[in-house]
Amino acid sequence: MKTIYTKMTEEQIDPEQIRLAGEILRGGGLVAFPTETVYGLGGDAFNPESSRKIYAAKGRPSDNPLIVHICRLEDMERVAVRISDEAWKLARAFWPGPLTMILHKCPDLPAETTGGLDTVAVRFPSNKIAQALIGAGGGFIAAPSANRSGRPSPTLARYCREDLDGRVEMIIDGGQVGLGLESTIIDLTEKEPAILRPGFVTWEDLQEVLGKVNAGSLAAAVTDGAPKAPGMKYRHYAPKGRLTIVEGMPENRAAYINDRLRRCREEGIRTGVICTDETRDLYVADLVKSAGSRESEESVARELFRILREFDDEGAEEIYAESFDSSGIGRAVMNRLLKAAGQRIVHV
Ligand code: TXA
Ligand code: MG
């Protein structure tokens with residue numbers, strides 16, 4: 001299949017291209033598109049064939065359910081039933097925006113879309129290109145992140161092309177995404193609301209609206225047991241090199257990492273470090289990548305997945321990452337880093 005490429009900005013949406021993309025979606029095809037979090041790979045949520053195609057294009061196990069994207073708050077009622085007051089409160093507080101809610105599924109939503117579960121993940125993104133596309137495609141777009149399964153979520157259209165060229169009908173380039181980590185997922189189908197995946201809508205934000213919220217585990221990626229978000233059981237974002245997170249005082253951290261780097265150099269192993277502007281001069285790795293200033297957790301979140309992909313492109317074999325504070329948005333950063341590192345963390 002030849003993939004169509006098109007480019008636009010939120011300020012200047014191209015109505016002709018959006019109409020074409022909508023036609024593709026309504027005809028059962030797939031379109032990769034920008035959201036405020038990461039790029040998504042969209043298909044018609046009410047067409048089981050579209051969902052099957054999404055799994056095939058991503059190389060994703062079909063028991064891992066998709067998020068249904070909507071572009072009007074009230075459309076929540078077309079995909080979910082028995083919607084609680086809490087869900088409406090959260091929708092009013094954070095939509096459109098980077099929050100996904102797990103609700104009880106409408107019976108007529110195909111089982112293919114929800115991986116056979118009787119619950120459904122629903123999200124109303126704030127990106128204007130995404131909203132226009134969802135509307136043009138019929139209003140209900142199932143979309144996982146637009147990466148091949150196991151790779152970091154794409155924060156640039158170039159990475160969608162790398163992973164999906166020839167596998168999807170269309171890719172819409174809307175530039176670098178604003179946030180860079182996937183949406184917060186909160187489960188509202190159990191007694192107590194629980195965070196299944198941390199993101200930009202933080203535990204603190206959610207508690208402010210709901211009161212008690214279960215923060216979930218920071219790691220949330222363990223392979224044993226039955227995780228509530230099926231995606232959590234798969235290894236994620238894993239770079240080709242071996243990634244280790246190092247936690248401790250800045251000086252101890254740098255001393256430990258540099259010692260390791262020296263040993264790698266002796267053995268001819270290509271090394272990388274993920275650090276911040278404040279510490280970048282401390283390291284002697286082949287590839288030293290700063291995710292921005294520690295003062296700005298937003299910057300670290302936005303750059304992380306790009307850095308992981310660059311290490312692959314540049315052949316890093318042994319990678320060390322500084323750890324980050326796990327409060328606020330830092331919790332989402334650490335969650336993704338831990339997954340990328342296969343939970344490998346050392347304390348120095
Ligand atoms: O920011 C985002 O959420 C992006 C953009 C494209 O919107 N999408 C995204 O989708 O990250 P995906 O498929 O990569 O991650 C969705 C996660 C998976 O871990 C999946 O298992 C979980 O949501 N999920 C989906 N439906 C669920 C359900 N009914 N119950 C529990 N977990 C669910
Ligand atoms: Mg994903």
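Colleague: Between which elements is the loop in which Gln343 is found?

Modeller: This is a predicted model, in which local features need pLDDT of at least 70, side-chain atom pairs count only at pLDDT 80 or more, and totals for chains, interfaces and linings use all residues; side-chain values use heavy atoms, without hydrogens and water. Residues are numbered from 1 along each chain as its sequence is written, while chains are lettered from A and ligands numbered from 1 in the order in which they are written. Helices (H or I, at least four residues) and strands (E, at least two) are DSSP runs, numbered from the N terminus. On that numbering, the loop that holds Gln343 lies between H10 and strand S16 (345-347).

Colleague: Is Gln343 buried, partly exposed or exposed?

Modeller: Buried means under 20% relative accessible area, exposed over 50%, and partly exposed in between (1.4 Å probe, protein chains only). The relative accessibility of Gln343 is 27%, so this residue counts as partly exposed.

Colleague: What is the phi of Arg82?

Modeller: Most residues other than glycine have a negative phi. Arg82, in the loop between strand S5 (80-81) and H4, counts as exposed because its relative accessibility is 65%. Arg82 is not a glycine either, and its phi is positive, near 50°.

Colleague: What is the omega of the peptide bond from Trp95 to Pro96?

Modeller: Most peptide bonds are trans. Pro96 lies in the loop between helix H4 (85-94) and strand S6 (99-105). The bond that leads from Trp95 into Pro96 is cis, with omega near -10°.

Colleague: What is the radius of gyration of the protein?

Modeller: The secondary structure comes to 10 helices and 16 strands, and the C-alpha trace spans about 60 × 50 × 40 Å along its principal axes. The radius of gyration is taken over C-alpha atoms, and the globule rule is 2.2 Å times the number of residues to the power 0.38. For 348 residues a compact globule would come near 20 Å, and the protein agrees, with a value of 20 Å.

Colleague: What percentage of the 348 residues count as buried?

Modeller: The protein exposes about 14,200 Å², of which carbon and sulfur atoms supply 48%; the areas come from the Shrake-Rupley method with a 1.4 Å probe, and for residues only the protein chains shown count as cover. Of the 348 residues, the buried part is 57%.

Colleague: With which residues is Gly241 in contact, leaving aside its neighbours within four places in sequence?

Modeller: Gly241 is in the loop between helix H7 (203-210) and strand S12 (242-247), and it counts as buried because its relative accessibility is 10%. Contact means heavy atoms within 4.5 Å. Apart from neighbours within four places in sequence, Gly241 has as its contacts Asp312, Ala316, Glu317 and Ile319.

Colleague: With which residues is Asn258 in contact, on that same exclusion of neighbours within four places in sequence?

Modeller: Asn258 lies in helix H8 (residues 250-266). Its relative accessibility is 11%, so Asn258 counts as buried. With neighbours within four places in sequence left aside, the contacts of Asn258 are Leu282, Tyr283 and Val284.

Colleague: What is the volume of the largest cavity?

Modeller: On a 1 Å grid over the protein atoms alone, a cavity is a set of points where a 1.4 Å probe fits but cannot get out, and a pocket is an open set with protein on both sides within 12 Å along at least five of seven lines; lining residues have an atom within 4 Å of a point. Grid points are joined across faces, edges and corners, and a volume is the space filled by probe spheres set on the points. The whole structure holds one cavity of 30 Å³ or more, and the lining of the largest cavity includes Trp203, Glu204, Gly328 and Arg331. The volume of this largest cavity is about 50 Å³.

Colleague: Which helices each supply at least two residues of the lining of the second largest pocket?

Modeller: The second largest pocket holds about 200 Å³ of space, and of its 13 lining residues, Arg294, Glu297, Ser323, Phe324 and Asp325 are the closest to its centre. Its lining has three nonpolar, five polar and five charged residues, where Ala, Val, Leu, Ile, Met, Phe, Trp, Tyr, Cys and Pro count as nonpolar, Asp, Glu, Lys and Arg as charged, and the others, Gly among them, as polar. At least two lining residues come from each of helix H9 (297-313) and helix H10 (330-340).
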